[in-house]
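Welcome! Please take a moment to turn the model around and follow its chain before reading on.

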Amino acid sequence: GAVKPADGNPISMDEDEGRIGSITIDGVHNLSCCTISEDGSFLAASDAASLLLFRLNYVEDGGGGRAAVAPERIPLPRSVNRSCTALKFAVDGSLRLFGATSDQKVIVIKIHNASSSSLSHTREKG
């Protein structure tokens with residue numbers, strides 16, 4: 001289909017060329033929210049039961065000369081593995097993830113080392 005940006009000129013988007021990967025999340029619940037880090041290296045998603053965090057590894061040639069993404073799930077500590085109704089990564093490059101939980105609290109998760117994905121649950125307000 002065609003997408004019309006603010007200037008009104010259509011941009012042709014071929015689904016096969018534009019999509020570089022997908023993540024299948026098996027579960028009984030639908031996803032309620034998701035967010036991607038500013039640099040595109042992490043994706044967080046939540047359903048009615050849990051919070052999921054993925055590192056997105058990009059591969060230059062996913063076959064046929066196209067780029068591809070290879071997601072790697074990062075296990076979360078029990079203290080932050082909660083259902084969230086909203087998620088947002090900080091825009092300052094600090095790799096902090098903010099989550100509004102379904103039990104009316106806000107959690108903050110800090111990814112300390114992007115290469116090893118060490119995490120800490122830094123705050124909870126509610």
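Predicted model: local features only at pLDDT ≥ 70, side-chain atom pairs only at ≥ 80, totals over all residues.

Residues are numbered from 1 along each chain as its sequence is written, and side-chain values use heavy atoms, with hydrogens and water left out.

Let us begin with the sheet. Strands here are DSSP runs of E with at least two residues, numbered from the N terminus, and two strands pair if DSSP finds at least two bridges between them.

Now follow the chain from strand 3 into strand 4. Strand 4 covers residues 42-47 and pairs with strand 3 in the antiparallel sense over five bridges. One place to look is Leu 31, whose bridge partner in strand 4 is Asp 47. The hairpin of these two strands has five residues between them, and Gly 40 in this hairpin takes a positive phi near 75°. A further hairpin, with three residues, joins strand 4 to strand 5. Strand 5 (residues 51-59) and strand 4 are antiparallel too, with five bridges between them, and Ser 46 has Leu 51 as its bridge partner in strand 5.

Is strand 4 enclosed or open? Six of its six residues are buried, so strand 4 is largely enclosed by the rest of the structure. Buried means under 20% relative accessible area, exposed means over 50%, and partly exposed lies in between (1.4 Å probe, protein chains only). Both faces of strand 4 are covered, with Phe 42, Ala 44 and Ser 46 buried on one side and Leu 43, Ala 45 and Asp 47 buried on the other.

Next come the nonpolar cores. A nonpolar core is a set of buried Ala, Val, Leu, Ile, Met, Phe, Trp, Tyr and Cys residues joined through side-chain atoms within 4.5 Å. The largest one has 16 residues, and Phe 42, Leu 51, Leu 53, Leu 87 and Phe 89 have the most contacts inside it. Strand 4, strand 5, strand 7 (84-89) and strand 9 (106-113) each give two or more residues to this core. A second, separate core has five residues, among them Leu 43, Leu 52, Phe 54 and Val 69. To see the surroundings of Phe 89, look for its contacts (heavy atoms within 4.5 Å): leaving out residues up to four places away in sequence, they include Thr 35, Phe 42, Leu 53, Leu 97 and Ile 111.

Charged side chains come next. A salt bridge is a side-chain nitrogen of Lys or Arg within 4 Å of a carboxyl oxygen of Asp or Glu, and the count by this rule is two. Glu 72 and Arg 55 form one of them, at 3.4 Å from N to O. Glu 72 belongs to strand 6 and Arg 55 to strand 5, so the pair ties together parts that are 17 residues apart in sequence. Glu 72 is partly exposed at 37% relative accessibility, whereas Arg 55 is buried at 10%. Arg 96 and Asp 92 also make a salt bridge, with their closest N and O atoms 2.8 Å apart. Here Arg 96 is partly exposed at 29% and Asp 92 is exposed at 52%.

Two loop residues deserve a look. Leu 95, in the loop between strand 7 and strand 8 (96-101), has a positive phi of about 55° although it is not a glycine. Leu 95 is buried, at 16% relative accessibility. Gln 104 sits in the loop between strand 8 and strand 9; its phi is also positive, near 65°, in a residue other than glycine. Gln 104 is exposed, at 73%.

Finally, which cysteine sulfur is nearest to that of Cys 33? It belongs to Cys 84 and is 6.0 Å away, too far for a bond. A disulfide is a pair of cysteine sulfur atoms within 2.5 Å, and a search of the whole structure finds zero of them. Cys 33 is buried at 14% relative accessible area, and Cys 84 is buried at 0%.

Methods: Helix = DSSP H or I, 4+ residues; strand = E, 2+ residues; numbered from the N terminus.
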